Each structure stands twice: as C-alpha cells, then as structure tokens.
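Dear colleague,

Please find below the structure that I am handing over to you, followed by an account of what was found in it. I would be grateful if you could read the two side by side.

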Amino acid sequence: ALLLPVLAWQGQQMAFLYCLAAALFSDAIDGFIARKLQQTSQLGTKLDSWADLTLFITTPLGAWLLWPHVIAQERVYVAMILLALIVPIAFGLVKYGRITSYHTYMAKTSGVLMGFSSLLLLFNITPWPFRFAAVFMVAEALEEIAITATLPQWTSNVPTLKHARRLVKKERIERQQ
C-alpha cells in the first residue's frame, strides 16, 4: 500500500494497478492464512486494521493522481466511500481512543467488492460494480457505527451487530450473577 502513492506520483498507471491487485489479494488471504496457521493475535488484528486503512487511503489518492477524470466522474460514489471509511473510524477514536478492529462480515465483503470493482473501474471496464460497492460500504459503515454505539468498551473481531448485542447481554448477565 505504501508503494501505491509513489507509483501514482511517477505516473505509473499499470504498475499501480498491478500493485493494487497484489495488495488486495494479500489482504484477502492474510487473515485466512493466519487462522489456518493458528497465528492470530490482538497485535495482528490491529496491524491488519492499520494495513487496511493504509490501503483504503492510498488507493483513492493514487487513483486521483492517475485518473482524475474518473474520480471526477464518480465523485458522488467516491465521497460516499470516503465518508463510509472516515465516520466509523472517527466514532471509534472518539469513543475508545483507538480505531475499531471489528472485521465484520460486511467489512470483509465490502473490501472484496471495493477492491474488485475499483480494478474494473480503473481498467475502464465498467463503473457499475464500483457504484454498488460504494452503496454497500455505506451500509457496512452504518453497521460498524451501530456496533460502536452498542459496545461499552473496545472489542476486536465482532462479526455482526447481532454478535455485539450478544456480547453486551452476556456481560450484563455476568455482572448480575
């Protein structure tokens, strides 16, 4: 992800796209590999969240430098995506003093949709999957905001709002006993 702005600054469109594809692929499989090798940890969860954030920041920056006409054409969807990234993170920072690391099912799906659809958009194939992914990201952001509003303290790896509610209920029952 850190190489993407360098490639964009140098005007290397194809290298940017191939590097982006490699970053998206590695992001899609790193958690699976960590779980299979039983190498998961709180630190790994945090690093994965920071790596995701870095990729989601450097990708639009690079796309804006390399394809400003595409970004201008898709500005409404780009704005939706940026808000869907920023607002849940900001809410988590305000409430917990750190970024959330929920790794929800919707976030995982959103990442795959956004990665694949961004490549389709930037390779100039079609914008429609990108637009759908932007709307899906807003729904995913709303779920993350709801999870943050539900959980009284920072908790990682909360796959859905339903899981967050179960955690709160379980803690309430334990306190009453």
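Which residues in α2 meet which residues in α3? On the α2 side they are Gln 13, Phe 16, Leu 20, Ala 23, Leu 24, Asp 27 and Asp 30. Their partners in α3 are Asp 48, Asp 52, Leu 55, Thr 58, Thr 59, Gly 62, Ala 63 and Leu 66. Sorted by class, this contact of α2 with α3 holds 7 nonpolar, 4 polar and 4 charged residues. Please note that the model is predicted.

As to the geometry of this pair, helix α2 spans residues 13-36 and helix α3 spans residues 42-66. Their axes come within 11 Å and cross at roughly 160°. Since angles over 145 degrees count as roughly antiparallel, α2 is therefore roughly antiparallel to α3. The crossing of α2 with α3 is left-handed.

A second pair is formed by helix α6 (residues 105-122) and helix α7 (residues 128-150), which pack at an angle of about 155° with their axes 9 Å apart. These two helices are therefore roughly antiparallel to each other, and their crossing is left-handed. From α6, the contact draws on Met 106, Ala 107, Thr 109, Ser 110, Leu 113, Met 114, Ser 117, Ser 118, Leu 120 and Leu 121. From α7, the residues involved include Pro 129, Phe 130, Phe 132, Phe 136 and Met 137, as well as Glu 140, Glu 143 and Glu 144. By class, the residues of the contact of α6 with α7 are 14 nonpolar, 4 polar and 3 charged.

Helix α7 also packs with helix α8 (residues 161-176), at an angle of about 5° and with the axes 9 Å apart. Because of this angle, α7 is roughly parallel to α8. Here Glu 143, Ala 146, Ile 147 and Thr 150 of α7 meet Leu 161, Ala 164, Arg 165 and Val 168 of α8. The residues of the contact of α7 with α8 comprise 5 nonpolar, 1 polar and 2 charged.

Finally, I turn to the aromatic rings. Arg 98 lies over the face of Trp 154, at 4.1 Å from the ring centre. Likewise, Arg 131 is placed over the face of Trp 128, with a distance of 4.4 Å from the ring centre. The count of aromatic pairs comes to 3.

With kind regards

Key: Residues are numbered from 1 along each chain as its sequence is written. This is a predicted model: local features need pLDDT of at least 70, side-chain atom pairs count only at pLDDT 80 or more; totals for chains, interfaces and linings use all residues. Side-chain values use heavy atoms; hydrogens and water are left out. Axes are lines fitted to C-alpha atoms, for helices over the stretch in contact, and angles run from 0 to 180 degrees between N-to-C directions. Helices (H or I, at least four residues) and strands (E, at least two) are DSSP runs, numbered from the N terminus. Angles under 35 degrees count as roughly parallel, over 145 as roughly antiparallel, 65 to 115 as roughly perpendicular and the rest as oblique. A crossing is left-handed if the near helix is turned anticlockwise from the far one by less than a right angle, and right-handed if clockwise. Contact means heavy atoms within 4.5 Å. Ala, Val, Leu, Ile, Met, Phe, Trp, Tyr, Cys and Pro count as nonpolar, Asp, Glu, Lys and Arg as charged, and the others, Gly among them, as polar. Rings of Phe, Tyr and Trp (its six-membered ring) pair if their centres lie within 6.5 Å; planes under 30 degrees apart count as stacked, over 60 as edge-to-face and the rest as tilted. A charge sits over a ring if NZ of Lys or CZ of Arg is within 6 Å of the ring centre and within 35 degrees of the ring normal.
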